[in-house]
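Biologist: I would like to learn how to read this structure one feature at a time. Please give the general idea before each case.

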Amino acid sequence: MKTVLLYLLQVIISSGILYGYYHLFLRNKKFHQYNRYYLLMTMVISICIPFLRIPVYFDAAETEPMFSKTLTVFSYGNFEEDIIAGTVSPGSGWFSWRNILSFLYVVMAAFLFTRFCVALIRIVRLANIYPGEKIDNIRFINTNEPATPFSFFRWLFWNSKIELNSDNGQQIFRHELFHIRQKHSWDTIFMEIITILFWLNPFFHLLKKEIRAIHEFLADKFAVEENKEWYY
């Protein structure tokens, strides 16, 4: 349990440092595409950093013999020391604070995962309920759902109340088409899985919010630009 808490703490610190750099120097800048990949890599790097073995050597003049400090995550050394010291007693039973915290963490992650699966099921149901039309490699699905229009991978869910041939309809269509072309749904799935597994990390939730905003900035920019290749 101690090593897991240490790992989570290291992930939180790493993501906090990387997010702090983004917030101070990159946020609200115009290079949104770069920021998109920076934020995604921030999540990956934060998860991987605690696994790196970073030796720190001391001069022999300062200490004898020379020690090497190594940053490790999953080590059984601490656990064995606890058993030897008697901190983990065989008669303590299941209702220890470690087991209770682990149980609460898993329950919360399971709740978030269930909510995520329910959202996916609703999207798949919409795709099955309403008729779809193939446009190139995109499935255009015309619905009357209030939450539309939106896109998910190569599905574009449209709202029948919006006139596609209008100026507003064309901009919205291009907005969603950009999401599809840039594969933003993969980012969304990745972010949801990471925030489910590391729901205790507040910086991952902030990163997810920033990536979603960047998606919208990029799509809006594409939607309002004039492009003669578009005919409706």
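Modeller: A definition comes first. A residue is called buried under 20% relative accessible area, exposed over 50%, and partly exposed in between. The model here is a predicted one. Y19 has a relative accessible area of 10%, so it is buried.

Biologist: Is F203 buried, exposed or partly exposed?

Modeller: F203 has a relative accessible area of 24%, so it counts as partly exposed. For the protein as a whole, 33% of the 232 residues count as buried. Its accessible surface is about 15200 Å², and carbon and sulfur atoms hold 64% of that.

Biologist: Which elements make up the protein, and in what order do they run?

Modeller: The protein has seven helices and six strands. Read from the N terminus, the order is α-α-β-β-α-α-β-β-β-β-α-α-α. If we take contacts between residues at least 6 apart in sequence, 58% of them join residues at least 24 apart.

Biologist: How should I read a helix? What span should α2 have?

Modeller: An α-helix has 3.6 residues a turn, so residues three or four places apart point the same way. Helix α2 covers residues 32-48, which is 17 residues. At 1.5 Å a residue it should span 24 Å, and the C-alpha atoms at its ends are 24 Å apart, so the two agree.

Biologist: Which residues of α2 are buried?

Modeller: They are H32, N35, R36, Y38, L39, L40, T42, M43, S46 and I47.

Biologist: Now the aromatic rings. How many aromatic pairs does the structure hold?

Modeller: A pair of aromatic rings is described by the distance of the centres and the angle of the planes. The structure holds 19 such pairs. In the pair of Y19 and F203, the ring centres are 6.2 Å apart and the planes meet at 45°, so this pair is tilted. It links distant parts of the chain, with Y19 in helix α1 (residues 2-26) and F203 in helix α7 (residues 202-224), 184 residues apart. F198 and F204 make an edge-to-face pair, with 5.7 Å from centre to centre and 90° between the planes. Both F198 and F204 are buried.

Biologist: Which residues do ring pairs link into a cluster with Y19?

Modeller: The cluster holds Y19, Y21, Y22, F25, F31, Y34, Y38 and F203. One of them, Y38, is also among the buried residues of α2.

Biologist: Next, the sheet. In what order do the four strands stand?

Modeller: Strands of a sheet pair through backbone hydrogen bonds, either parallel or antiparallel. Here four strands form an open sheet with mixed pairing, in the order β3-β4-β6-β5. The edges are β3 (132-135) and β5 (150-152); each has a single partner strand, so one side of each lacks a neighbour in the sheet. On average, neighbouring strands of this sheet are turned by 25° against each other, direction ignored.

Biologist: Which strands pair with β6, and in what sense?

Modeller: β4 and β6 run parallel and are joined by five bridges; in this pair I141 stands opposite F157. β5 pairs with β6 (residues 155-159) in the antiparallel sense over three bridges, and there S151 faces L156. Four of the five residues of β6 are buried, so the strand is largely enclosed by the rest of the structure.

Biologist: Which helix lies across these strands?

Modeller: Helix α4 (residues 97-129) lies across β4 (138-143), β5 and β6, at about 75° to β6.

Biologist: Last, the backbone. Which residues have a positive phi although not glycine?

Modeller: Most residues other than glycine have a negative phi, and most peptide bonds are trans. N28, with a phi of about 65°, sits in the loop between α1 and α2. With a relative accessible area of 64%, N28 is exposed. D136, with a phi of about 55°, lies in the loop between β3 and β4 and is exposed at 71% relative accessibility. F153 also takes a positive phi, near 55°, in the hairpin of β5 and β6, which has two residues between the strands.

Biologist: Where is a cis peptide bond found?

Modeller: It joins T148 and P149, with omega at about 5°. P149 belongs to the loop between β4 and β5.

Terms used:
Residues are numbered from 1 along each chain as its sequence is written. This is a predicted model: local features need pLDDT of at least 70, side-chain atom pairs count only at pLDDT 80 or more; totals for chains, interfaces and linings use all residues. Side-chain values use heavy atoms; hydrogens and water are left out. The expected span of a helix is 1.5 Å times one less than its number of residues. Buried means under 20% relative accessible area, exposed over 50%, partly exposed in between (1.4 Å probe, protein chains only). Two strands pair if DSSP finds at least two bridges between them. Axes are lines fitted to C-alpha atoms, for helices over the stretch in contact, and angles run from 0 to 180 degrees between N-to-C directions. Contact means heavy atoms within 4.5 Å. Accessible areas come from the Shrake-Rupley method with a 1.4 Å probe; for residues, only the protein chains shown count as cover. Rings of Phe, Tyr and Trp (its six-membered ring) pair if their centres lie within 6.5 Å; planes under 30 degrees apart count as stacked, over 60 as edge-to-face and the rest as tilted.
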